[in-house]
Amino acid sequence: MSFDSHASSRSAGPVLDASAVPPASVLPHAGGVDPVEAWRLVKAGLAVLVDVRTAEERKFVGHVPDSLHVPWATGTALTRNPRFARELEAKVGLHQPTLLICRSGKRSAQALEVAVKAGFSQIANVLEGFEGDLDEHDQRGHFNGWRHHGLPWLQD
């Protein structure tokens with residue numbers, strides 16, 4: 001999987017090199033990029049970032065400026081959004097280079113699998129997510145994730 005450089009004249013090569021992505025047997029999804037690379041792509045206008053967390057997470061935990069929102073699940077029970085693929089297509093189309101982000105990269109990986117099956121051709125997961133993985137004290141943000149890398153974010 002790669003984002004095609006022909007989609008943007010600002011790029012001299014593939015935006016997402018498939019050789020840089022671990023094989024599918026290592027990742028439970030079609031591919032991924034780390035947060036720093038994701039921000040580079042978004043900042044350069046080469047990809048759009050779609051936050052798949054709940055509206056509550058975006059509001060109270062924070063979100064990436066100018067990111068789009070299509071919830072993978074809703075509410076505190078995280079009820080899966082059955083319209084996810086249709087809503088994503090309505091916001092970005094099937095062939096727009098798109099990056100999905102959630103809290104830790106797990107829900108966005110699930111959303112990525114559904115998106116790929118629905119026909120999205122240039123889509124990847126932001127590894128580590130917005131808050132990162134849990135540490136030994138069951139806390140996030142201490143060793144990885146979007147915020148840990150000091151990338152831009154806002155909080156309502």
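Predicted model: local features only at pLDDT ≥ 70, side-chain atom pairs only at ≥ 80, totals over all residues.

Student: Are Glu87 and Arg83 buried or partly exposed?

Tutor: Glu87 counts as partly exposed, at 25% relative accessibility. Arg83 is partly exposed too, at 42%.

Student: How many salt bridges turn up in the whole structure?

Tutor: Six, from a search of the whole structure.

Student: And which residues are linked in a network?

Tutor: Asp51, Arg53 and Arg58. Arg53 bridges to Asp51 with the closest N and O atoms 2.6 Å apart, while the Arg58 side chain meets Asp51 at 3.3 Å, N to O.

Student: Buried or exposed, that Asp51?

Tutor: Asp51 is buried, with a relative accessible area of 2%. Arg53 is buried at 0%, and Arg58 counts as buried at 13% because the cut-off is under 20%.

Student: OK, switching to the sheet. What's the strand order?

Tutor: S1-S7-S6-S2-S3, an open sheet of five strands with parallel pairing. The edge strands are S1 (32-33) and S3 (68-69), each pairing on one side only.

Student: How many bridges join S2 and S6?

Tutor: Four, between S2 (residues 48-51) and S6 (residues 98-101), in the parallel sense. Val48 stands opposite Thr98 in S6.

Student: Which strands does helix H4 touch?

Tutor: H4 (residues 106-117) packs on the sheet and touches S6 and S7 (123-126). The direction of H4 makes about 175° with that of S7.

Terms used:
Residues numbered from 1 in each chain as written. Heavy atoms only, no water. Pairing = 2+ DSSP bridges. Helix = DSSP H or I, 4+ residues; strand = E, 2+ residues; numbered from the N terminus. Contact = heavy atoms within 4.5 Å. Axes fitted to C-alpha atoms, helices over the stretch in contact; angles between N-to-C directions. Salt bridge = Lys/Arg side-chain N within 4 Å of Asp/Glu carboxyl O. Buried < 20%, exposed > 50% of the residue type's maximum accessible area, 1.4 Å probe, protein only.
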